[in-house]
Structure formats: structure tokens, C-alpha cells
Amino acid sequence: TTTTTTTSSLSSFVLAYSSSKAVAGLRFAAANDKSNQLRTITKKSSKSTLHEFRNECAEECLQLADCLGIYLVWTDSAYQCSALADVAGTKDISNANTESYERRLDSLDKPPPPMSEANFAKQYSRIHSAATDGMRFRFVFALNQRVFKYTSIPSSYSELQRQCAAACSLSQECVGLWTAIDGSEAVCHGLAKLGSPRDASLAVSESFQKVST
């Protein structure tokens, strides 16, 4: 007997935001922007389970080099999913079943652009072996100040930093970056506002300010 192990396409994504009919939440800011939707698929719920449709949608995104995330909306009778080119920013949403997934950096075929596309000055850092706790920007976790968010595996931390630096360099709204390793995940936030320093909470984190050239 031969056993075949199937890897879920959704494993290449991380759930960023969600909402339901009963509980309000957030979604990607441009999720419903037609110009941002690379591909949209719909299916009756009688033809597929929601779990199957999630993976089908994820697979659609993985086939597109420029797809950075997927946005799902569903009712009792139908599912809809869009593959998105831009997952920056958030928007409030209520009275709807939705899920917003970001594509993991390590699932992208194209290598991240070099960090030299913009100049960044390191302002604060914390290393787990340091004697002091270190600092971070105040607005690191403020959703209303987040321009974008990327995630990856810890071994791709340097590539994650380069990807974030390139994204920030192309954004007029982005003024700085915060990168960190949180358990089994590497994280980067592009920030619209930095704020005064605060104690860092994660074992490894770095805060960079974008330098105008």
C-alpha cells in the first residue's frame, strides 16, 4: 500500500483578518477594488465545502507571481474568492463572513528586492541574549498605523527584511519598519507612524526608520 501525503495550498498563507455575520472585523483595504483583483472565482456551496474552496482559492493565487493574498466571502449558498495584488491597509467590515489571507514570503517564486532600494536607519533592537530588554517603535502593533504586513519562516528573516524594505521604499505612506521573530514565525510591519520608544516584548526585534534621500 502506497500512502500519498498531500500538502494544503492554504499552508502557504497566514490568516490576517476575519469577520462573521455576528462579529465585526477587518479586511484588506483594497479587497473589493476590481483593479486589485487579479482573479475572482465563485462556487455554489452545494458543489464544494468551504475548506475545499479555501484551498482552491489558495492554489489560484500560487499560480500568479504577483498575487500577495486572497480574500474570501461566503454565504450559506455560495462562496467567492479574489486573488489580490495588494494586501496593504485594513478596512472595517461587519455583517459578513470574510477571511483575508496573506501569502507567506517563502512561497513567492521571485526573490525579494535588495534592501538598498531605500535607506533605513536602525533605531532600536532587542536580541534575546542582550542584557537589556531593548526598545521598539510605539505604533508597531497599531492596526491604524500599519501600511502592510509580511510573514515568513525564521530562516528567511533577512529576505523578509529586504522584501519589507522594498515595499516601504515604494510607499509614500510608509515611514519605517519593524521586523521580529515571534516563535515559529518571522514578521514585518510597514508603519505610517513610528511614535516614541516602548519596551520590546519579543526576543528578537528591530525597528528601522526610513531615511529620505
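Analyst: The account below begins with the whole chain and then turns to the disulfides, the cores and the salt bridges.

This is a predicted model, in which local features need pLDDT of at least 70 and side-chain atom pairs count only at pLDDT 80 or more, while totals for chains, interfaces and linings use all residues. Residues are numbered from 1 along each chain as its sequence is written, and side-chain values use heavy atoms, with hydrogens and water left out.

The protein contains 2 helices and 14 strands; helices (H or I, at least four residues) and strands (E, at least two) are DSSP runs, numbered from the N terminus. Of its 213 residues, 47% are buried, where buried means under 20% relative accessible area, exposed over 50% and partly exposed in between (1.4 Å probe, protein chains only). The accessible surface comes to about 11,000 Å², and carbon and sulfur atoms account for 48% of that area; accessible areas come from the Shrake-Rupley method with a 1.4 Å probe, and for residues only the protein chains shown count as cover. Among contacts between residues at least 6 apart in sequence, 75% join residues at least 24 apart, a contact being heavy atoms within 4.5 Å.

A disulfide is a covalent bond between the sulfur atoms of two cysteines. Here the criterion is a pair of cysteine sulfur atoms within 2.5 Å, and a search of the whole structure finds 4 disulfides. With bonded cysteines counted along the chain, their pattern is 1-4, 2-3, 5-8, 6-7.

One of these disulfides joins cysteine 57 to cysteine 81, with an S to S distance of 1.4 Å. Cysteine 57 belongs to helix H1 (residues 50-62) and cysteine 81 to strand S5 (residues 78-84), so this link ties together parts that are 24 residues apart in sequence. Both cysteine 57 and cysteine 81 are buried.

Another disulfide is formed by cysteine 164 and cysteine 188, whose sulfur atoms are 2.0 Å apart. This pair links distant parts of the chain, since cysteine 164 is in helix H2 and cysteine 188 in strand S12, 24 residues apart. Cysteine 164 counts as buried because its relative accessibility is 0%, and cysteine 188 is likewise buried at 0%.

Cysteine 168 and cysteine 174 also form a disulfide, with 2.0 Å between their sulfur atoms. The link of cysteine 168 and cysteine 174 is left-handed, with -95° about the S-S bond. Cysteine 168 is buried at 0% relative accessibility, and cysteine 174 is buried with a relative accessible area of 1%.

Which residues have the most contacts inside the largest nonpolar core? They are Phe148, Tyr150 and Leu177, in a core of 25 residues. A nonpolar core is a set of buried Ala, Val, Leu, Ile, Met, Phe, Trp, Tyr and Cys residues joined through side-chain atoms within 4.5 Å. Strand S2 (25-28), strand S10 (146-152), helix H2 (157-169) and strand S12 (185-191) are the elements that give two or more residues to this core, and H2 provides the largest share, 6 residues. Leaving aside residues up to four places away in sequence, phenylalanine 148 touches Ala88, Cys164, Ala167, Cys168, Cys174, Leu177, Cys188, His189 and Gly190. Apart from this core lies another, of 17 residues, among them Ile41, Cys61, Leu72 and Tyr101.

The structure also holds 4 salt bridges, each a side-chain nitrogen of Lys or Arg within 4 Å of a carboxyl oxygen of Asp or Glu. Glutamate 60 pairs with arginine 39, the closest N and O atoms being 2.7 Å apart. Glutamate 60 is in helix H1 and arginine 39 in strand S3 (residues 37-44), so the bridge ties together parts that are 21 residues apart in sequence. Glutamate 60 is partly exposed at 22% relative accessibility, as is arginine 39 with a relative accessible area of 36%.

Glutamate 99 forms a salt bridge with arginine 54, again with 2.7 Å between the closest N and O atoms. Glutamate 99 lies in strand S7 and arginine 54 in helix H1, so the pair ties together parts that are 45 residues apart in sequence. Glutamate 99 is buried, with a relative accessible area of 10%, and arginine 54 is buried with 16%.
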